[in-house]
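Please read it with the structure in view.

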Amino acid sequence: MEQASVFMTHEIGLHARPSVKLTKLAKTFTAQIELAIAGAEGPWIDAKSIVKVMAAKAPKDTTLFFRAEGADAAAALAALTALVERDFDEGKADAANA
Amino acid sequence: MRGAITAATQDLAGLMDQLDEETAGIIEFQIAMLEDDALVEPALFSIREGIAAEAAWQAALDAQVADYEAAEDEYFQARASDLKDLRDRVLRNLRGASCVQALPDGAVLAGHEITPSRFLETDWSRGGGLALRQGSPSSHVAMLARARGVPMVVGLGDADLPETGEVLLDGDDGILIVDPDDQERNAFTRRQQAASSNRQLEESYRGKPAVTGDGTAIAVMINVADPDELDDLDPADCDGIGLVRSEFLFHGPGGLPDEEQQYLAYSRILRWAGDKPVVIRTLDAGGDKPIAGLTADNESNPFLGLRGLRLSLARLEVFRVQLRALARSAPEGNLKIMLPMVTRPEELTKAKRLYEEALVALRAEGVACGEAPLGMMVEVPAAAIAPELFAEAAFFSIGSNDLTQYVTAAGRDIAAVADLNDSAHPAMLKLIRSLIEGAAAIERDVSLCGDAGGEPSEIPGLLRCGLRSLSVAPLALGRAKAAIAETDLANAHA
């Protein structure tokens, strides 16, 4: 089991477009990947499910915890934390309109 | 059930092809939700239990909608309408109904709420509008309506809305007139024509120098948050850059920007502007602009906390890098450095000393660098009330957004008090007038770089306070210059 955490500063939080990007990226890995926003003790949700990720309603300035199990678990965590660190590749125009 | 969901997904995918990137993002989100088994599973479970597909889907999605409506955050609340949209789209497919919406010329749709995909399926080209009992200005639909220029009013509540009849809808002022009389109708038509010719007129001002009706020249500069914005802009349209928000550099990947990154970014902006002034504001983090690893966590009131220059002076290792990068970029153009949130003159003295130290160090290293005037933002009331204390500043620029919220004690991000956050409050104008007089006494220029400067309704009042320089969003250039041209400073009542 691999674990990682990353601080999310996106203007709105884990909103529609970032959630789409996060789950789409998660689905490119075969590992089972889970996400928690309350802390490293969970509750854990499926990071490949947009319905569950959105339902977590993570506001901005939340630390996102990831854990993954499977052959490509380490690569998955690296890619997901990088996406959050890049602010989901969203420019400020997106934040202003979202 | 699966068939109806697939059909709904295909409908949405079909819509996506015709849309701009922004709107497509909303639909992409809806498709991703539909494709997620977690959304469908509860309905399928009910169907296996013997519940009819329509009822099963309705109940499953109603639960999701209720969950979003209960959210604390306004953004997540607004997502409830996306879920309703998905619910209704699949229901229509389950019932085999067509979902094409044809509106008669100039029809105003009235109702509780409208879903984003219903909005997109509607042909608004013949001048339709929207009147909603619920809705929110931050919903996806409101965003789409703004982008497409569809007039819309929200939050009508229990107001009496007829099913048929004549209404006049003014999206600019958020007014709906039901069953208008001749006088109202004529006034509305005049307003409508005026608004349309006004928009054309405003754009015609974009490339011209800004001059008031009585011939007073006003400097109109632009606010820039990201150097990429400059690619589509012509430096000839503005009198310089009145505000560069250097925060843009601090949100990139890889943490805080190093000296070289900052130097390159500042130089690029300075070269774009040629010999026109470029006012670069040092990092204004904190308040509503947190930066991971830099701003303080868990402040009980971040707007009154360690933000702007206060933070820079507390984190010298970060501030020194920025000052070195600024000093190195100075030879590339007409640089002015602006310090945010200055509250006491001592802060200015400290910043000035740090800048001089950076220059000395760079010269000792043999690195090319240059001096630039150091000015300050005026957004803290203490500075606005007593500008004479800050003679060490080379210039002043009013940050009207923050100054307004500190003067009115009302945050504009708090919907319940947003109407109190009024940058045209007589107290604000009185304060700005007195600031300009105080600055003139010590021979300092005053500009304004908040949102008020780009608001046509506020520009005449600001100019009458003695303001002769504004910095506005690039999009507001034409509109601001047009409002300036309409202002006659020789006639106090014009």
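Helices (H or I, at least four residues) and strands (E, at least two) are DSSP runs, numbered from the N terminus. Two strands pair if DSSP finds at least two bridges between them. The model is predicted: local features need pLDDT of at least 70, side-chain atom pairs count only at pLDDT 80 or more, and totals for chains, interfaces and linings use all residues. Residues are numbered from 1 along each chain as its sequence is written, while chains are lettered from A and ligands numbered from 1 in the order in which they are written.

In chain B, three strands make an open sheet with parallel pairing, in the order 1-2-3. Strand 1 (108-111) and strand 3 (152-153) of chain B are at the edges with a single partner strand each, so one side of each has no neighbour in the sheet. Strand 2 (residues 129-132) of chain B is joined to strand 3 of chain B by two bridges. B:Ala131 has B:Val153, in strand 3 of chain B, as its bridge partner.

Two residues are in contact if their C-beta atoms, placed from the backbone, lie within 7 Å. By this rule, 23 residues of chain B touch 24 residues of chain A. The helices of chain B that give two or more residues to this side are listed here.

| Element of chain B | Residues |
|---|---|
| Helix 2 | 21-34 |
| Helix 3 | 37-48 |
| Helix 5 | 74-78 |

Helix 2 of chain B gives the most to the side that touches chain A, with seven residues.
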